[in-house]
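I opened this model to look up two things. One is the ligand site, the other the chain interface. My notes follow.

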Amino acid sequence: MKKLISLNVNGIAHELAVEPRRTLLELLREDLGLTGTKKGCGIGDCGACTVLVDGVATFSCLTLAIQVNGCSVETVEGLTKDGKLSRLQQAFVDHGAIQCGYCTPGMLMTTTELLRRNQHPKEQEIRKAISGNLCRCTGYQKIVEAIQEVARSENEEI
Amino acid sequence: MILPRFDVLVPESLEEALEMLGEHADKGVRILAGGTDLLVDLRRPIIPVHVPRCDGCAKHPGGMVYSTIDCELWLSEPTAHAGGSLRNALQDSRRISPQYLISLHLLRELKGIKRLDNGSLYIGATTTIREIAHSEKVRRCWTALAEGADNLGSPLVRNRGTLGGNIANARPAADMFVPTIGLNGILKLQSLGGERLLPARDFASGPGLTVIEPLEILTAVIYPAPLSYSGSSYYKLANRKALEISTVGVSVSLTLEAPDGPITDVRVALGAVGPTPILAESAKGILLGETPDEPLFKKAAQAIRKDARPIDDHRGSAWYRSNMVQLLSERLLKIAYIRAKRNK
Ligand SMILES: Cc1cc2nc3c(=O)[nH]c(=O)nc-3n(C[C@H](O)[C@H](O)[C@H](O)COP(=O)(O)OP(=O)(O)OC[C@H]3O[C@@H](n4cnc5c(N)ncnc54)[C@H](O)[C@@H]3O)c2cc1C
Ligand code: FES
Ligand code: FES
């Protein structure tokens with residue numbers, strides 16, 4: 001039997017009837033059409049499905065929609081304001097930190113959380129923070145450099 | 001690959017959760033905390049079964065194929081023409097698929113880290129691994145637990161996974177369970193009838209198996225207050241620094257009478273070298289009452305090695321694991337000793 005939940009996604013309030021076994025990932029992609037969030041492994045290994053739940057980086061594939069009832073969710077679609085990329089997104093583009101792009105939404109969300117918590121993380125802190133987000137293409141170096149660019153600046157905006 | 005069909009119950013109090021547990025016990029019910037073990041276990045994407053596609057294939061004994069059986073199919077009735085092995089697989093999966101999950105996420109009373117009046121540490125079962133890794137209290141006095149938390153899975157796993165889930169899941173390599181035994185953690189198990197306290201070392205009865213009663217919920221773990229001159233340390237040996245199950249895990253806790261000894265208490269817990277985490281009893285016999293020095297730690301490590309009962313698997317051979325138990329025990333005894341000296 002479906003259950004009614006309410007949640008706020010990228011600033012918009014939603015009320016939805018969901019099957020109890022529905023994951024947050026399925027809800028975002030299939031019910032709300034927010035396909036920026038990717039599905040890789042489905043079992044917590046790759047981080048492609050990372051979103052922020054009440055500000056905390058969360059793999060949406062292992063989170064049931066029911067468990068986030070009443071929470072506020074941010075996805076990669078929410079990073080762009082008025083059609084303009086966030087500074088972090090722009091840094092990913094500028095540094096060639098995106099190749100196939102499949103890991104990118106998850107990487108961006110994990111890193112957004114890191115930079116909100118710690119405006120100037122050291123390289124080692126950056127590498128540790130993204131250690132649950134796998135990238136098959138870039139070898140991570142360019143991703144780290146992109147994050148470092150934002151981490152170096154005094155501009156508080158991410 | 002989707003989850004099998006189940007209902008999720010969301011109790012608002014511990015008592016309600018326990019009532020729900022009793023009410024649905026006969027229909028297959030599981031507790032859901034972070035879900036990082038449970039939801040993975042419930043997905044069985046690929047089952048090796050013989051799916052007969054035609055008569056000829058059905059008659060061919062070697063016609064085993066690896067087939068992706070959708071969970072939807074698991075829960076539907078087996079079709080008339082399905083082979084015997086498929087029917088068995090479907091029945092098996094029905095047995096493992098619970099009809100109800102009871103999610104603990106609204107129960108605030110199960111969350112949080114606090115120090116009790118007697119100095120011991122109380123950690124609610126649904127406290128996340130992340131909160132434990134970030135807690136200065138834990139790092140200062142129960143260092144081995146903080147070091148387990150630092151190295152569990154990845155940041156994303158630590159953000160969702162819980163202390164209670166790690167212990168209740170009872171894997172022999174579990175990175176919170178092993179130091180919990182090393183630190184002599186006491187589990188608080190609650191049922192409608194009351195609560196009981198059980199030393200963590202008595203909890204596991206096999207890989208993934210525990211002595212928890214079907215109507216009990218693990219509500220908290222209590223770590224005794226460290227005495228003066230105590231120190232602890234945990235090391236996870238694994239092929240990678242993240243997203244890896246340990247090949248060997250060792251947790252050491254040591255207490256001294258004075259900065260230079262003698263040793264008044266010691267506990268060494270070993271992970272991934274037996275069907276459950278192992279409390280290495282021989283460490284006590286060699287170390288208690290002695291003045292700590294390198295030759296003593298060497299001798300103790302040789303004895304601890306014999307307490308391990310490792311097997312060969314893809315993470316490492318039994319021989320390698322035994323060597324590592326010895327090497328790590330010696331190193332961790334030294335580290336715990338250095339920490340103990342400093343902790344007045
Ligand atoms: C990608 C990945 C990497 C991982 N890496 C590691 C690792 O390096 N080291 C490690 O040790 N583990 C690892 N794990 C396993 C898992 O993350 C941890 O064991 C975690 O602590 C489990 O907690 P949970 O809250 O998610 O448990 P759940 O999945 O919610 O529950 C696990 C089991 O415990 C039961 N349970 C949960 N809470 C209670 C309770 N309060 N009372 C009674 N029963 C309860 C559930 O019914 C279930 O059977 C990993 C998992 C993933 C997906
Ligand atoms: S899809 Fe969620 S972690 Fe891989
Ligand atoms: S850019 Fe292809 S996986 Fe990271």
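**Ligand 1**

I began with the polar contacts of the ligand (N or O atoms within 3.5 Å). A backbone N or O atom of B:Gly34 sits 2.7 Å from an oxygen atom of ligand 1. For B:Gly35, a polar backbone atom is 2.8 Å from an oxygen atom of ligand 1. For B:Leu38, I read 2.6 Å between a backbone N or O atom and a ligand oxygen.

On its own, ligand 1 has 990 Å² of accessible area, and the protein covers 92% of that.

The model is predicted: local features need pLDDT of at least 70, side-chain atom pairs count only at pLDDT 80 or more, and totals for chains, interfaces and linings use all residues. Residues are numbered from 1 along each chain as its sequence is written, chains are lettered from A and ligands numbered from 1 in the order in which they are written, and side-chain values use heavy atoms, with hydrogens and water left out.

Next, the shell, where a residue counts if one of its heavy atoms lies within 4 Å. Ligand 1 lies between chains A and B. I found 34 residues around ligand 1, and B:Ile31, B:Thr36, B:Asp37, B:Leu38 and B:Thr162 come nearest. By class, the shell has 18 nonpolar, 10 polar and 6 charged residues; Gly counts as polar here.

Which element gives the most to the shell around ligand 1? H10(B) does, with 4 residues. Helices are DSSP runs of H or I with at least four residues, and strands are E runs of at least two.

**Interface of chains A and B**

I counted contacts as heavy atoms within 4.5 Å. By that rule, 33 residues of chain A touch 34 residues of chain B.

Buried area is the accessible area (1.4 Å probe) that two parts lose on being put together, summed over both. Here I noted about 2,500 Å², with carbon and sulfur atoms giving 58%. A:Arg21, A:Leu62 and A:Gln67 supply 28% of what chain A buries against chain B, more than any other three residues.

How many salt bridges does the rule find across the interface? It finds 3, each a side-chain nitrogen of Lys or Arg within 4 Å of a carboxyl oxygen of Asp or Glu. I looked at B:Arg130 with A:Glu113, where the closest N and O atoms are 3.0 Å apart.

Methods: Polar contact = N/O pair within 3.5 Å; in protein donor to acceptor, adjacent residues only side chain to side chain. Areas by Shrake-Rupley, 256 points an atom, 1.4 Å probe, with all protein chains shown as cover.
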